[in-house]
Amino acid sequence: MKLDYGTQISPAPIELSCGTLRKPTLADIAEITFDKYDYYRFLLKMTPKMFYENNAKVELKEYWDSLINDEKENMTLMDLIESNEELRSIYLEMFEFFFKEFVVYSEGLFIFLKRKLENIEELTEEDFRGAISKETLPQILNIIQQICCISDPEEDEKPKFKNDLARKLYEKMRKSDKENKGKADINFTIPNIISALSSKHPSLNYTNIWGLTVFQLYDTFSRVQTNSMFDIDSTRVSVWGDEKKTFNFALWYKNEYDKK
């Protein structure tokens, strides 16, 4: 499910079946540190393959290598969480950052509570808000990815293939694209964009920028870049004219989000 533009730019939380998803502000992120937020973003995209192949523990890598291909392909993130208590506690911490409710784990479910309970056995119907299961985990993580601006649009709607060869070629190209992306561009880290906008934007500064959500930050950054190009082009046209009729008067308010 792709979130619409209005939902994304709004600071209001999103009511999901499991709980109330809040949109962290830059101040919220700064409070937990940008490094921890980056780690949460990694968890949102993590797969069993990433966990085992990038793990420092040799025994875990050896376990992964010992599995046959079908076992690797059929292993889900929830399977991994269920088998690893340390990882489970990390995901609980992450969910409590993104959701307003209290979160506990029990018997293969992340359970969202309206109030904090000392013992899960005390749970009543009035305390229960919702839950994330093995089946719903990918959808919930995808929605959180969207508010963090790390969702891959192509993951939302996978294309249909006429045959198995077409599917394999597509997957091979996608794998190549991901491998070539390399490390994130330091110019597009959240701290650097905060710094850039605080010096460039006509009204945002280090005092008030912390109230923005992540999506609002990136959206504003994109608009500032577009407006800078518009100002350059409009100045050029006012001086030299627009003989070839290439100047786009609508560039400054063009909707780029719904095209993606």
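Select Glu101 to begin. Glu101 is buried, with a relative accessible area of 11%. (Buried means under 20% relative accessible area, exposed over 50%, and partly exposed in between, with a 1.4 Å probe and protein chains only.)

This is a predicted model, in which local features need pLDDT of at least 70 and side-chain atom pairs pLDDT 80 or more, while totals for chains, interfaces and linings use all residues. Residues are numbered from 1 along each chain as its sequence is written, and side-chain values use heavy atoms, leaving out hydrogens and water.

**Stop 1: the partner of Glu101**

The side chains of Arg129 and Glu101 form a salt bridge, 3.8 Å from N to O. (That term means a side-chain nitrogen of Lys or Arg within 4 Å of a carboxyl oxygen of Asp or Glu.) Where in the chain does each partner of this pair sit? Arg129 is in strand β5, residues 128–132. Glu101 is in the loop between α8 and β3 (102–106). The two are 28 residues apart, so the pair links distant parts of the chain. (Helices are DSSP runs of H or I with at least four residues, strands are runs of E with at least two, and both are numbered from the N terminus.) Arg129 is partly exposed, at 22% relative accessibility. Salt bridges with shared partners join Glu15, Glu101 and Arg129 into one network.

**Stop 2: two further salt bridges**

The whole structure holds eight salt bridges. Select Lys49 and Glu53 for one of them. Their closest N and O atoms are 3.0 Å apart. Both residues lie in helix α4, and because they are four residues apart, about one helical turn separates them. Glu53 is partly exposed at 40% relative accessibility. Lys49 is partly exposed too, at 46%.

Next, pick Arg22 and Asp28. They form a salt bridge with 3.1 Å between the closest N and O atoms. Asp28 is partly exposed, at 22% relative accessibility. Arg22 is partly exposed, also with a value of 22%.

**Stop 3: the second largest pocket**

What space do they point you to? The second largest pocket has a volume of about 250 Å³. (On a 1 Å grid over the protein atoms alone, a pocket is an open set of points with protein on both sides within 12 Å along at least five of seven lines; a cavity is a set where a 1.4 Å probe fits but cannot get out; lining residues have an atom within 4 Å of a point. Points are joined across faces, edges and corners, and the volume is the space filled by probe spheres set on them.)

Colour α3 (34–45), α4 (48–53) and α8 (85–98). Each supplies at least two residues of this lining. By class, the lining has nine nonpolar, three polar and two charged residues. (Ala, Val, Leu, Ile, Met, Phe, Trp, Tyr, Cys and Pro count as nonpolar; Asp, Glu, Lys and Arg as charged; the others, Gly among them, as polar.)

**Stop 4: Arg88**

Stay in helix α8 and select Arg88. Arg88 is buried, yet has no salt bridge. Glu85 is its nearest side chain of opposite charge, 4.6 Å away. (Lys and Arg count as positive, Asp and Glu as negative; His and the chain ends are not counted.) Show Ile81 as well. Its backbone oxygen lies 3.1 Å from a polar atom of the Arg88 side chain.

**Stop 5: the cavity**

How many cavities of 30 Å³ or more does the whole structure have? The search finds one. The largest cavity has a volume of about 60 Å³. Select Gln8, Lys23, Pro24, Tyr37, Ile147, Cys148, Thr213, Val214 and Phe215 to see its lining. Six of these residues are nonpolar, two polar and one charged.

**Stop 6: helix α9**

Go to residues 137–147. Nine of the eleven residues of helix α9 are buried, so the helix is largely enclosed by the rest of the structure. Among the buried ones are Leu137, Ile140, Asn142 and Ile147. Step just past α9 to Cys149, which takes a positive phi of about 65 degrees.

**Last stop: Gln216**

Select Gln216 in helix α13, residues 214–240. Is Gln216 buried or exposed? It is buried, at 16% relative accessible area. Its side chain reaches the backbone nitrogen of Thr213 at 2.9 Å.

Methods
A polar contact is a pair of N or O atoms within 3.5 Å; within protein, one must be able to donate a hydrogen and the other to accept it, and residues adjacent in sequence count only if both atoms are side-chain atoms.
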